[in-house]
Amino acid sequence: MPKAKQKGSRGTQKESDEDVEMSQVESTQTQSMTQAQKAVEGISAAEVDRRVNDLVQYLLVADQKKIPIKKQDINKEVLKEYSRAFPVFIERAKEKLRGVFGIECVEIDGKQKTYILVNNLDNDSDQAHLDWPEDDHSKTGLLMIILSLIFMNENVLPDTLLWHTLKKLGLEVEHQHEVFGDVKKLITQEFVRQGYIEYIRLPNTDPPSYELKWGQRAKLETTKKHVLEFVCQIYAGEDGQPMDLETWTLQYQDAIKSEEDVTNGLQ
């Protein structure tokens with residue numbers, strides 16, 4: 001059995017650096033909110049309400065494209081001359097989305113300030129959920145297959161293995177598909193832009209090699225347990241009964257740990 005690595009001075013220094021960085025981020029966020037609150041004081045209550053309502057509508061419409069919404073686009077299209085008060089407006093819009101529509105507005109990239117919407121009302125804890133328009137069920141099915149392949153391969157999937165597996169399913173990435181069109185473009189561009197998949201180039205590879213991981217939106221809209229249940233349904237027996245989740249020992253343990261991390265606020 002491999003010995004557990006002892007945490008030395010480097011580990012302690014790294015934790016210290018992370019604590020300092022987190023403290024600096026929190027301080028910056030506090031200063032930004034304070035400045036935004038001062039900026040809002042110069043705006044009439046009626047105008048604040050109008051801009052919040054405009055922002056809510058903008059977020060609902062923009063999210064239909066399933067592409068993360070950028071702060072700079074919100075400022076340009078909605079807030080305009082009131083962009084300095086962005087932190088206040090986005091927080092009030094979040095409250096309205098949560099209270100009225102049951103939707104969470106989640107920041108997925110702190111540096112770029114991008115946001116996605118996650119529908120809490122539809123995200124039943126007992127069933128897998130990926131929030132796609134009704135006419136995109138075929139894409140949802142393909143996405144679930146890809147997320148399953150990633151998860152079952154210990155959360156990282158070489159692109160060569162993906163293309164090989166899809167070929168066995170009748171999806172040739174070199175040819176146009178009658179339903180999906182350009183399959184490779186759909187996966188490596190559209191699914192990536194929407195935040196469902198990370199398509200990562202491996203360093204020092206020529207020709208370039210890539211691997212796939214779950215994107216932030218996938219982590220928010222479904223769970224590893226839901227995906228494992230999906231896999232067990234695919235491998236159902238002749239009697240139609242799904243496989244037992246614990247048949248996949250490593251994946252089951254990973255799914256349970258992931259749920260515990262969410263419960264403990266670690267994810």
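Good morning. I begin with helix α10, residues 249-263, which has 15 residues and reaches 21 Å from its first C-alpha to its last, close to the 21 Å expected at 1.5 Å a residue. That expected span is 1.5 Å times one less than the number of residues, and helices here are DSSP runs of H or I with at least four residues, strands runs of E with at least two, numbered from the N terminus.

This is a predicted model, in which local features need pLDDT of at least 70 and side-chain atom pairs count only at pLDDT 80 or more, while totals for chains, interfaces and linings use all residues. Residues are numbered from 1 along each chain as its sequence is written, and side-chain values use heavy atoms, with hydrogens and water left out.

Which residues of α10 are buried? They are Q251, A255, S258 and D261; buried means under 20% relative accessible area with a 1.4 Å probe, protein chains only. These residues cover an arc of only 125° around the axis, so they lie on the same side of α10. The arc is taken from the directions from the helix axis to the C-beta atoms. After α10 comes G265, with a positive phi near 75°.

I turn to the aromatic rings. The whole structure holds 3 aromatic pairs, meaning rings of Phe, Tyr or Trp (its six-membered ring) with centres within 6.5 Å; planes under 30 degrees apart are stacked, over 60 edge-to-face, and the rest tilted. F86 and Y115 have ring centres 6.2 Å apart and planes at 50°, so this pair is tilted. Because F86 lies in helix α4 and Y115 in strand β3, the pair ties together parts 29 residues apart in sequence. Both F86 and Y115 are buried.

Technical notes. Buried < 20%, exposed > 50% of the residue type's maximum accessible area, 1.4 Å probe, protein only.
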